[in-house]
Amino acid sequence: MEVGLAAGFRVEEFGALGGERLFALTRRIPGKRPRIYISSGIHGDEPAPVQALLQMIREGIFDRRANWFLCPLLNPTGLSLGTRENAARVDLNRDYRNPKTEEIRAHVGWLNRQPRFDLSLCLHEDWESRGFYLFEHNPDGRESLAQGMLLAAGQAGCPADLSDRIDGFESKEGVIAAFPEPMDWPDWPEAFLLRDQFTRFAYTVESASSFSLDARVAAQVAAVGAGLAKFLGG
């Protein structure tokens, strides 16, 4: 929260749990600008995305080219415990269809007060993958950001996972583009809610946990920076 305040973001608290605040960092610029949403920290055993997002805030990547909506830590009790689940042992990233947890009810309530997003990025890491990979939701056939993000991650030290199948899904050169429609899936991750209600252009970004923490953070920063540069035109 302090990092966001120091960088000039507005802090929007939308809940609290066990003494931990749930908050978003927003920056809205007058005039017509793209609206970009980025989240991290929904799995407490995935620290690299949280550190990467904080580093990007410090580095000033989120500048006046866009309106920014950032949720840096969606599972604070899990991060404190180092567990995928929250303190009640619930995987928050399977609770977005009919939310039962306090954290996700609060997060969905906050999302429902926001405009639709032109781009969303959910930052994760995978303990089983061989390298960096992405889920891409792009039903309108927009120019893909995927290959540039994967190349940047590789240059930062976390090359793409080139497996034919990743996490049970068909993958092509590190990109998973075919996965179930939200209504066919009972336990929604955050990305399914976003694609169902908030955006037509979305990525879930996964670094491989087998790499060092420094390499994972660097890869996340590089990949997101490359994707934003292409999306925003420079």
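Residues are numbered from 1 along each chain as its sequence is written. Because the model is predicted, local features need pLDDT of at least 70 and side-chain atom pairs count only at pLDDT 80 or more, while totals for chains, interfaces and linings use all residues; side-chain values use heavy atoms, with hydrogens and water left out.

**Strand β4**

Of its 5 residues, 5 are buried, where buried means under 20% relative accessible area with a 1.4 Å probe, protein chains only. In a regular strand the side chains alternate between the two faces of the sheet. Here Asn67, Phe69 and Cys71 lie on one side of β4, and Trp68 and Leu70 on the other, all of them buried.

The strand has partners in β2 (residues 20-27) and β3; two strands pair if DSSP finds at least two bridges between them.

| Partner of β4 | Bridges and sense |
|---|---|
| β2 | 3 bridges, antiparallel |
| β3 | 5 bridges, parallel |

Within these pairings, Arg27 has Trp68 as its bridge partner, and Ile38 stands opposite Leu70.

**Leu53, a buried residue**

Helix α2 (residues 47-59) holds Leu53. With a relative accessibility of 0%, Leu53 counts as buried. Setting aside neighbours within four places in sequence, Leu53 is in contact (heavy atoms within 4.5 Å) with Ile38, Ser40, Phe62, Cys71 and Pro72. Leu53 and Gln220 are 167 residues apart in sequence, yet 8.2 Å apart in space, C-alpha to C-alpha.

**Helices α5 and α7**

Two packed helices are described by the angle between their axes and the distance between the axes. For α5 (residues 146-155) and α7 (residues 213-232), the angle is about 150° and the axes are 7 Å apart. That makes α5 roughly antiparallel to α7, a term for angles over 145 degrees. Axes are lines fitted to C-alpha atoms, for helices over the stretch in contact, and angles run from 0 to 180 degrees between N-to-C directions.

Which residues of α5 meet α7? They are Gly148, Met149, Ala152 and Ala153, and on the α7 side are Ala219, Ala222, Ala223, Val224, Ala226 and Gly227.

Methods
Helix = DSSP H or I, 4+ residues; strand = E, 2+ residues; numbered from the N terminus. Parallel < 35°, antiparallel > 145°, perpendicular 65-115°, else oblique. Buried < 20%, exposed > 50% of the residue type's maximum accessible area, 1.4 Å probe, protein only.
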